[in-house]
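This briefing is written for a reader who is new to protein structures. Please keep the sequence and the model in view while working through the points below.

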Amino acid sequence: MLVLDLGSGAVRGMLRAGLDPFATDRIFFTHFHPDHTSDVVPLLFSINYGATEPRTRPLAIYGPEPFEDFWSKIIAVWGEWMLGDYETEISQLPHECAFPVEFPGCRIRWAPAQHRPESIAYRLETEGGSLVYTGDTEYSESVVNLARGAHTLLSECSFPDDAPVPGHLTPGGVARIASEAGVERVVVTHIYPTADRLDLVSEIGRGYSGEVVVAKDGLKFTV
Ligand SMILES: [Zn+2]
Ligand SMILES: [Zn+2]
């Protein structure tokens, strides 16, 4: 199982959605903010102490430069309880993707996002279709280019258009990226309370003619 970001509550969310957190084989982080990374601590802790069988297969963890520095700080605090006898493979990704990460059935590319200096967005391609996950970003040509022609854009949508916050998207920004990239569907997530009060489907629909879905915990979709 592949996981994109691990904010607080992600492990519980997997369990509620019927997914086995111990089945995680690869984790891809978009940036280092705690709402995208903090549950890696309880996930690895629970793999060590909650699994009925000791884990033997490796766990691959990817994050944008300077991920190795960020990871070493987490390990300095929690590593005693996070690291087990299995191999933890840490990969620090350059901001621009020169070579995709490939494994059976999936190819992953990425591009800079406009949020934190390290921020990147990911594009997953399989034979069936492609998914682009923005992580946190404001409007970004780099994200538009990454998302061009993708089937589904999983996008943050943090704030309303009349109260934007730098480094984040509003419904208008989501619509702009989705329509310029020509994606078939947008799924919005990472919705702050001021945006959660809006009718996001119609707000995004003003500037984008494809399908709009507002994510909720446990949502399942196919690309
Ligand atoms: Zn963030
Ligand atoms: Zn965030």
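Donors are N, O and S atoms within 2.8 Å of the metal (3.2 Å for Na, K and Ca), and sites may look incomplete because water is not among the atoms. This is a predicted model, in which local features need pLDDT of at least 70, side-chain atom pairs count only at pLDDT 80 or more, and totals for chains, interfaces and linings use all residues. Residues are numbered from 1 along each chain as its sequence is written, chains are lettered from A and ligands numbered from 1 in the order in which they are written, and side-chain values use heavy atoms, with hydrogens and water left out.

- Four donors count as tetrahedral if all angles lie between 85 and 135 degrees; four count as square planar and six as octahedral if opposite donors are over 155 degrees apart and all others between 65 and 115; anything else is irregular.
- Helices (H or I, at least four residues) and strands (E, at least two) are DSSP runs, numbered from the N terminus.
- Asp136 is buried, with 2% relative accessibility, and His190 is buried at 18%.
- Buried means under 20% relative accessible area, exposed over 50%, and partly exposed in between (1.4 Å probe, protein chains only).
- His190 has a positive phi of about 55°, although it is not a glycine.

**The zinc ion (ligand 1)**

- The protein donors here are His31 (NE2), His33 (ND1), His115 (NE2) and Asp136 (OD), which lie 2.2 to 2.3 Å from the zinc ion (ligand 1).
- The angles among these four donor atoms are 93 to 165°, and the site is irregular.
- In sequence, the donor residues of the zinc ion (ligand 1) are spaced H-x1-H-x81-H-x20-D.
- Asp136 bridges the zinc ion (ligand 1) and the zinc ion (ligand 2), and the two ions lie 3.4 Å apart.
- The pair His31 and Asp136 links distant parts of the chain, 105 residues apart, with His31 in the loop between E2 and helix H2 (34–37).
- His31 is buried, with a relative accessible area of 0%.

- Strand E3 (residues 59–64) is largely enclosed by the rest of the structure, because six of its six residues are buried.
- Leu59, Ile61 and Gly63 point one way from E3, while Ala60, Tyr62 and Pro64 point the other way.
- In a regular strand the side chains alternate between the two faces of the sheet.
- Strand E2 (residues 26–28) runs parallel to E3 and is joined to it by three bridges.
- E3 also pairs in the parallel sense with strand E4 (residues 88–93), over six bridges.
- Two strands pair if DSSP finds at least two bridges between them.
- Which residues are partnered with Ile61? Ile27 stands opposite Ile61, and in E4 the bridge partner of Ile61 is Ile90.
- E3, helix H4 (residues 67–82) and E4 form a right-handed β-α-β unit.
- A crossover is right-handed if, with the strands pointing away from the viewer, the path from the first strand over the helix to the second runs clockwise.
- The peptide bond from Glu65 to Pro66 is cis, with omega near 0°, and Pro66 lies in the loop between E3 and H4.

**Helix H3**

- The buried residues of helix H3 (residues 40–49) are Val40, Val41, Leu43, Leu44, Ser46 and Ile47.
- These buried residues pack against helix H1 (10–16), E2, H2, E3 and H4, where contact means heavy atoms within 4.5 Å.

**Cys106**

- Cys106 belongs to strand E6 (residues 106–112) and is buried, at 12% relative accessibility.
- The C-alpha atoms of Cys106 and Thr126 are separated by 4.8 Å, although the residues are 20 places apart along the chain.
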